Amino acid sequence: MTATTQDAVAPPGGSGTVPPDAFRAAMTRFARSVTVVTAYDGADPVGCTATAVLSLTDRPPTLLVSLASDSGTLGHIRAAERFGVSVLPYRLRALAARFAELPAARRFDGVDHDGAYGAPLLGGAVAAVVCRVTRYVALGDHTLVVGHVVHVATDEGAEPLIHFARRQTRPER
């Protein structure tokens, strides 16, 4: 550990808190899949880039996503009570920025997707999951969305897009 990192650690048993900048720096060292979380706004697909996605249990199959509480996508998930998660492949890495930066109404323009299972799933995804919402948990400035998995699809040959150390990369072989 570097001295800077050690200085940012709260003392054992103390009531101190790690500073947000130190926490964010540590989180950059957690390699994560880059995903697009989706829902429908009526008949229109909506979505946003997310890396805070994880499986909770496999009996029953349950997934958790963490979204900013003021996220437009979260509002549409609340209305639809379903959401999709598409793990982006490295070859479609430009979609990560598209779903993070473009205005919501333009994010799906020209993007291949399928909504047959109740939520939009991106074409070419490494893995894709559709969930029925079972619970919302407000926590800080985010909301955890827990969902029962109702559909999965995978592409065993696709190379995932990984977020690590504030950059997007792919697994080394």
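A polar contact is a pair of N or O atoms within 3.5 Å, where, within protein, one atom must be able to donate a hydrogen and the other to accept it. The views below are close-ups of a predicted model.

**View 1. The side chain of T35 makes a polar contact with the backbone of A50.** A polar atom of the T35 side chain lies 2.7 Å from the backbone oxygen of A50, a separation that falls within the 3.5 Å limit given above. T35 belongs to strand 2, and with a relative accessibility of 2% this residue counts as buried, because buried means under 20%. Leaving aside residues up to four places away in sequence, T35 touches C48, T49, A50 and V53, and also V85, S86, V87 and L88.

**View 2. Strand 2 and strand 3 form an antiparallel pair.**

**View 3. Helix 3 has buried residues at T73, L74 and I77.** Seen down the axis of helix 3, which runs over residues 72-80, these buried residues fall within an arc of 100 degrees, so they line one face of the helix. They pack against strand 2, strand 3, strand 5, strand 6, strand 9 and strand 10. At the start of the helix, a side-chain oxygen of S71 comes to within 3.1 Å of the backbone nitrogen of T73, while just after the helix E81 takes a positive phi of about 60 degrees.

**View 4. The largest nonpolar core has 17 residues.** The residues with the most contacts inside this core are V37, L63, V65, L67, I77, F83 and V145, and the elements that give two or more residues to the core are strand 2, strand 3, strand 5, helix 3, strand 6, strand 9 and strand 10. Not counting residues up to four places away in sequence, V37 touches a set of residues that includes V46, C48, V65, L67, I77 and F83. A second, separate core has 11 residues, among them L88, L95, F108 and L122. In soluble globular proteins, nonpolar side chains tend to be buried together.

Terms used:
Residues are numbered from 1 along each chain as its sequence is written. This is a predicted model: local features need pLDDT of at least 70, side-chain atom pairs count only at pLDDT 80 or more; totals for chains, interfaces and linings use all residues. Side-chain values use heavy atoms; hydrogens and water are left out. Two strands pair if DSSP finds at least two bridges between them. Helices (H or I, at least four residues) and strands (E, at least two) are DSSP runs, numbered from the N terminus. Buried means under 20% relative accessible area, exposed over 50%, partly exposed in between (1.4 Å probe, protein chains only). Contact means heavy atoms within 4.5 Å. The arc is that of the directions from the helix axis to the C-beta atoms. A nonpolar core is a set of buried Ala, Val, Leu, Ile, Met, Phe, Trp, Tyr and Cys residues joined through side-chain atoms within 4.5 Å.
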